[in-house]
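Let's take a walk through this structure together, starting with the overall layout and ending at a single link between two residues.

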Amino acid sequence: QVQLVESGGGLVQAGGSLRLSCAASGDIFSINRMGWYRQSLGNQRELVAIITNGGNTVYADSIKGRFTISRDNSGNTVYLQMNSLKPEDTAVYYCNAVITRRTTYNYWGQGTQVTVSS
């Protein structure tokens, strides 16, 4: 079991920046990758960025060059630095952790609201 707690969301003007944090606890040594997803009103949840245990990263095309995913040395906390925010980035952002054994297990945080005003 893994527990995820997000923080750092809020209201920001277009062009501004926010940094989201996700603290993992529990069976953290089994986590294969962590990432951020978002869901805006009326839309499906979509990938924002992921980072593997090896440090490889994947980004959605819509946020490339503006957002950066990183993690601390312990691997317990993952960050999403969001720069040059746009109104279309408004969404609930969810932290995700994946453990793959014989089966893939997905764990989710409670979500944090990011609102970008124009």
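**A chain of strands**

Follow the protein chain along its sequence and the pattern reads β-β-β-β-β-β-β-β-β-β-β. The radius of gyration is 14 Å, close to the 13 Å that the globule rule gives for 118 residues, so the chain is as compact as a globular protein of that length. Keep in mind that this is a predicted model. Counting up the elements gives 11 strands and zero helices.

How far does the C-alpha trace span along its principal axes? The answer is about 45 × 30 × 25 Å. Within the chain, 41% of the 118 residues count as buried.

Now look at who touches whom. Take the contacts with a separation of 6 or more: residues 24 or more positions apart account for 52% of them.

Searching the whole structure turns up one disulfide, and it joins Cys22 to Cys95, with 2.0 Å from S to S. This pair ties together distant parts of the chain: Cys22 sits in strand S3 (residues 18-26) and Cys95 in strand S9 (residues 91-100), 73 residues apart. Are these two cysteines buried or exposed? Cys22 is buried, and Cys95 is buried as well. Finally, the link of Cys22 and Cys95 is left-handed, with -85 degrees about the S-S bond.

Methods:
Residues are numbered from 1 along each chain as its sequence is written. This is a predicted model: local features need pLDDT of at least 70, side-chain atom pairs count only at pLDDT 80 or more; totals for chains, interfaces and linings use all residues. Side-chain values use heavy atoms; hydrogens and water are left out. Helices (H or I, at least four residues) and strands (E, at least two) are DSSP runs, numbered from the N terminus. The radius of gyration is taken over C-alpha atoms; the globule rule is 2.2 Å times the number of residues to the power 0.38. Buried means under 20% relative accessible area, exposed over 50%, partly exposed in between (1.4 Å probe, protein chains only). Contact means heavy atoms within 4.5 Å. A disulfide is a pair of cysteine sulfur atoms within 2.5 Å.
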